[in-house]
Amino acid sequence: MDRRDFLRIASLTSGSFALPALLASSVEQHAAGATPGEFSPDELPHLFHTPVARYRPMVRWWWNGDRITQQELLRELDVLKSAGIGGVEINPIRFPAQADPMHIEALTWMSEPWIKALDAVLAGAKDRGMVCDMIVGSGWPFGGEFLTREDQTQMMTIGTREFTGPQRVTIAAADLLADVHPQLVSAYSDPQKQLVRACVVPYELSSAEQAVDIPVRAEDSAVTFDVAEGRQVLYFLVKMTGYMAVINGAPGASGPVLNHYSGEAVARYLDRISDALTTKLGPLSPRLRAFFTDSIELEGANWCDDMLQEFARRRGYDLAPYLPFVLFKVGAMGNAVATPYGAQFSAALQQQIEQVRYDFETTKRELFNERFVATFVAWCHRLGVQSRMQAYGMECDPISAGMMVDIPECETWIHTEAIEAFGNGDYTTGRSYSMINKFVSSAAHLAGKRLISCEEMTNTDDPFHTTLERIKIASDQSILSGVTQPVLHGFNYSPPQVPFPGWVRYGTYFSEHNTWWPYFNLWTTYSARLSSVLQACEMQADIAILPPQADVASKFGFQRDPFPRIAYPDYLFKLWEVVHQNGSGCDYLSEEIIRKATVREGRLHFGSRAYKAVLLPKVQSLHPETVQQLCALVESGGTLIFLDTLPEQSDGLRDHESSSTVVHQLIASVRTRHPERTPLLPVRQTDMVGWYRELQQRYALTPDVRLSAPVDYISQVHYREGKRDVFFFCHYGPQDRHTFEASFGEVGGAASLWNPETGERTALARGIGGALTISLGPSESRLIVFEPVGEEMKPFRALGTHAHDLDVPVMTLTGPWKVRLQHVDGSDRTLDLATLIDFNQRPDLRAFAGTLTYSCPFATSGDLPQVLSLGRVHSVSKVRLNGHLLGVRWYGEHRYPLAGAAQPGRNEISIEITTTLGSYMKTLPDNPTAKAWTADTPDYPLGLTEVPVLLGGAAQA
């Protein structure tokens with residue numbers, strides 16, 4: 001493809017309701033039911049037992065300040081491979097402010113030495129059988145020192161001032177420009193501001209036509225105008241160009257951010273990169289799997305030189321008269337300011353402005369998809385590599401954009417080491433997955449994609465206290481949200497000679513210097529086995545959720561995902577959770593998808609997806625064509641559930657009144673004819689799990705698996721490939737063990753437990769009606785597979801045989817204890833403890849980090865104990881009894897089967913506790929990295945703090 005053809009593709013536009021070209025082709029392909037065919041069901045047990053690199057977790061590999069050498073890069077690849085990591089995302093980034101560069105030279109991004117280092121890594125990864133991705137540019141979003149002004153990001157924003165007339169006013173243009181100063185996270189040092197329009201309106205405004213324009217010329221140093229009698233408001237539009245700098249860009253790729261709304265600018269930027277690389281390296285494929293686009297955090301970018309023309313062409317009217325009132329004043333991270341300002345709009349004008357705002361927000365997203373996303377994807381394909389992208393944000397619709405890219409990606413964070421309950425409050429509490437995950441995975445499902453990556457374990461709060469258990473919980477939650485491969489955040493390039501803890505750009509602290517690193521492959525292998533199964537199957541969903549996107553755009557503007565300032569309605573991001581917690585599966589849809597879908601036999605079909613019910617949470621605005629399709633679903637036998645309100649109007653300004661009449665009439669008509677399948681229901685937010693269970697039963701929304709006692713700290717996700725059904729259950733809360741019956745309805749075949757820690761598969765005995773009794777303790781998970789009879793596997797066992805209610809304590813190990821302290825600083829000593837303590841409680845011990853070995857003799861008489869319980873341990877434990885290794889526990893209840901290791905009479909027990917680094921780091925005031933990352937972090941249990949208990953009777957591990 002030559003450059004002209006490439007630019008032509010990059011600048012494709014669409015009609016008012018058409019999807020971008022790449023998405024349109026994807027819609028047509030997947031609406032026909034195309035599915036991946038690269039997996040053989042017969043291969044799955046082997047893939048599960050011995051997962052290859054493509055299924056293993058990847059890491060974001062920060063090349064800190066590009067202070068890199070080929071030798072160290074290859075050494076770190078070996079470190080990662082030995083820890084069970086399957087691939088790297090090469091990510092040049094600004095050098096950490098608190099770190100010592102150790103006189104190591106910084107290579108300039110895309111310079112010849114830098115490209116030689118990259119070449120060595122691509123070759124080294126290939127030799128090691130590892131996957132390689134690379135971020136486009138450095139830091140985020142796209143940008144660089146080399147951008148010309150015409151290619152730099154643009155924002156049209158507003159300022160206001162109030163006056164009381166009559167009077168004549170003169171204001172310096174520079175003062176008006178100074179009024180507009182968004183709170184930027186990453187401001188560029190050389191922005192350009194231009195006053196492009198000013199008008200005066202009455203404080204009580206009933207029509208945009210009341211605006212009195214003030215002549216504004218670029219050469220004028222002041223603006224003079226007359227203020228009419230009474231309270232008046234001056235609105236002025238300011239165009240900002242090159243206002244934002246790349247966040248954490250490395251040398252050579254910092255500077256101003258690119259204009260993502262200009263297809264020509266995006267193409268020039270990408271071609272500059274590929275020309276530099278391919279000239280030196282030749283073809284990038286197959287050594288490079290994908291180019292990656294990180295967070296779309298454009299801090300309010302909303303403009304391009306032809307925005308007004310494109311708006312008029314797509315929407316059919318002129319945006320200019322409404323623009324001062326449609327725009328919000330911009331605050332932090334591009335969010336609208338919360339402080340009241342400007343004129344007071346009449347109810348009719350407010351409604352009109354919201355209709356125009358919807359049209360403006362829609363136009364922006366169309367242009368972004370066509371000019372940025374499509375250009376990026378086409379560029380990747382031209383180079384023979386895949387596109388991987390976090391395709392969401394104010395400017396980017398996660399459904400349509402997520403369908404366009406090859407590998408859509410989302411985010412899972414660790415905000416606190418504490419394991420929190422969900423509760424009825426903020427939608428973020430207790431959740432590691434971000435609100436965007438389910439949207440991204442839904443887009444992938446709609447497009448027939450099974451590889452859904454996730455920036456996992458992002459931790460900017462407390463990286464040094466993080467345990468493998470906390471990592472497991474976050475990863476399990478990611479799986480529930482639809483993720484099939486983690487990309488860990490992250491691994492810091494840091495040579496061995498750098499003082500402890502090395503160069504740290506971000507956490508979680510995935511490092512060979514971390515105390516639990518020797519055990520890290522326990523989690524990476526667990527994760528890889530799950531990914532090998534999930535990527536081979538398709539996630540099942542027969543419930544759809546249609547969010548009120550038109551209402552959000554109209555009222556507030558599209559929000560900054562994955563951390564929207566406004567959740568509308570406030571339960572929106574909890575709704576999918578309760579569907580899964582009650583045994584079903586669901587996807588988020590968009591209006592475009594519904595209009596492209598087909599209806600038959602009571603289902604809404606799109607590709608391989610088929611939905612029997614659509615939930616509409618507080619949806620007030622819909623396009624008439626969307627409503628027609630939803631009504632067709634009801635007429636065909638499907639269910640439409642309105643939550644809290646009924647749709648009452650159309651979206652956008654053109655033909656709004658007539659289109660709203662159609663919406664109202666269609667909704668009223670279908671509800672009159674089919675009241676039993678079109679209910680209007682209030683949402684009971686105090687008990688959403690129970691509320692949805694009642695809804696499920698009342699409207700016959702039979703789940704894939706019916707749980708006898710659903711709770712908000714246990715959930716499931718269902719996958720299928722051919723005749724094999726796969727269910728993943730997990731417990732992710734602080735609550736105690738929960739036991740429940742799981743009835744799998746029409747799911748047939750023999751049940752088996754696939755253990756992702758060991759790779760073993762064990763047949764399960766199903767109870768009456770094919771049910772299974774499942775018992776899940778804190779942080780535990782189960783992978784249950786149903787498949788045709790005939791597979792070779794271990795003998796039958798019952799599931800959930802932790803007979804905790806029948807535990808019989810034999811004795812408690814109260815001490816005294818001899819403790820060996822092997823510190824990460826190299827010191828090694830012993831001490832005697834009469835009783836167990838939390839080391840944080842003693843000033844002379846709270847600085848410990850490393851391995852604690854507790855030894856204690858005990859004697860038995862009569863029945864020998866069967867189980868050792870350590871209770872909850874913060875980090876990793878390893879136990880030996882009479883010299884026999886009993887195993888390692890890194891999450892949940894640290895229980896060990898004694899399996900004949902106990903003997904009559906005298907016994908010797910050794911309990912190793914590997915702590916986290918958090919407490920130690922807090923005691924290093926002279927270490928700038930420790931100081932930067934541990935300020936105000938809480939304490940967590942340090943050492944063995946619960947008295948070990950030996951159990952007998954019916955107790956099992």
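Reply: The structure holds 13 cavities of 30 Å³ or more. A cavity is a set of points on a 1 Å grid over the protein atoms alone where a 1.4 Å probe fits but cannot get out. Its volume is the space filled by probe spheres set on the points, which are joined across faces, edges and corners.

Me: What kind of model is this, and how are residues numbered?
Reply: This is a predicted model, in which local features need pLDDT of at least 70 and side-chain atom pairs count only at pLDDT 80 or more, while totals for chains, interfaces and linings use all residues. Residues are numbered from 1 along each chain as its sequence is written, and side-chain values use heavy atoms, with hydrogens and water left out.

Me: How much space lies in the second largest cavity?
Reply: The second largest cavity has about 280 Å³ of space. It is lined by 23 residues, and those closest to its centre are Phe-328, Gly-334, Glu-361, Lys-364 and Met-394. Lining residues have an atom within 4 Å of a point.

Me: Which helix gives the most to that lining?
Reply: Helix α10 (residues 347-382) does, with four residues. Helices (H or I, at least four residues) and strands (E, at least two) are DSSP runs, numbered from the N terminus.

Me: And the lining by class?
Reply: There are eleven nonpolar, six polar and six charged residues. Ala, Val, Leu, Ile, Met, Phe, Trp, Tyr, Cys and Pro count as nonpolar, Asp, Glu, Lys and Arg as charged, and the others, Gly among them, as polar.

Me: Now the rings. How many aromatic pairs are there?
Reply: The count comes to 48 aromatic pairs. Rings of Phe, Tyr and Trp (its six-membered ring) pair if their centres lie within 6.5 Å; planes under 30 degrees apart count as stacked, over 60 as edge-to-face and the rest as tilted. Phe-439 and Phe-573 form an edge-to-face pair, at 6.3 Å centre to centre with 75° between the planes.

Me: Where in the chain do those two sit?
Reply: Phe-439 is in helix α12 (residues 437-446) and Phe-573 in helix α16 (residues 572-581), so that the pair links distant parts of the chain, 134 residues apart.

Me: Is Phe-439 buried or exposed?
Reply: Phe-439 is buried, with a relative accessible area of 6%. Buried means under 20%, exposed over 50%, and partly exposed in between (1.4 Å probe, protein chains only). Phe-573 is also buried, at 8%.

Me: Why is the pair of Phe-439 and Tyr-588 called stacked?
Reply: The pair is stacked because the ring centres are 3.9 Å apart and the planes are at 5°. Tyr-588 lies in strand β17 (residues 586-588) and Phe-439 in helix α12, so the pair ties together parts that are 149 residues apart in sequence.

Me: Which charged end sits over the ring of Phe-146?
Reply: That of Arg-272, 3.8 Å from the ring centre. The rule requires NZ of Lys or CZ of Arg within 6 Å of the ring centre and within 35 degrees of the ring normal.

Conventions: 1 Å grid on protein atoms, 1.4 Å probe; cavity = no way out; pocket = protein on both sides within 12 Å on 5 of 7 lines; lining within 4 Å.
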